[in-house]
Amino acid sequence: PNVVVDSDGCIMGRHYENRTAWVNSLRARGRKIIYDIGHIYDEYREANCRASLGMNWSSLNDICARVFEMMAMKRVPVINRVPDLGLVGMVEGIHYYGFSNLGEAVEKAEYALTHPEEAQIVANNAYNKVVNDNDSWDNRVEMILKECGLV
């Protein structure tokens, strides 16, 4: 089913201090941000698809499944720069808007929201990348097992 986009951004997961500060900063600017935890399956997908931006700030400085999921949902990815992004061929400005601190996180989210045509191109590039690379759990696990020499 189609979901109406009625929010500026969505970030799911634990409410870490940096994420909360980011959400509060955007809300103070009048942005509607879905910030929740506990959604699964269709409820999770629908919440994400209600927003223009897919937002993530990794607490472990790694790329998590949420990043691939938001890209597969064609949300505009605004995510912190983690080393793993380059390892899977993601390029900042092409596949995502990246940031390293709170000020830059707010700036990149605002930029994406005020440049919707460009942001949609980034979202489409990200979507095409995960689809063309067949970024599935099975393929990701196989890559890890190969890297560890277990297969």
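Predicted model: local features only at pLDDT ≥ 70, side-chain atom pairs only at ≥ 80, totals over all residues.
**Notebook: helix α1 and the cysteines**

Started with burial along α1: Arg19, Trp22, Val23 and Leu26 come out buried.

Next I looked down the axis of α1. The buried residues fall within an arc of 95 degrees, so they line one face of the helix. I then checked what sits on the face turned away from that buried side, and found Glu17 and Ala28 there, both exposed.

Then I looked up the dimensions. α1 covers residues 17-28, which is 12 residues. From first C-alpha to last I get 16 Å, close to the 16 Å expected at 1.5 Å a residue. I also looked at what follows the helix: just after α1, Gly30 has a positive phi of about 90 degrees.

Moved on to the cysteines. How many disulfides does a search of the whole structure find? I got zero. To see how far off the sulfurs are, I took Cys64, which is in no disulfide; its nearest cysteine sulfur belongs to Cys10, 13 Å away. A disulfide needs the two sulfur atoms within 2.5 Å. Cys148 is in no disulfide either, and for this residue the nearest cysteine sulfur is that of Cys64, at 19 Å.

Cys148 counts as exposed, because its relative accessible area is 54%, and exposed means over 50%.

Methods: Residues numbered from 1 in each chain as written. Heavy atoms only, no water. Helix = DSSP H or I, 4+ residues; strand = E, 2+ residues; numbered from the N terminus. Expected span 1.5 Å × (residues − 1). Buried < 20%, exposed > 50% of the residue type's maximum accessible area, 1.4 Å probe, protein only. Arc of directions from axis to C-beta.
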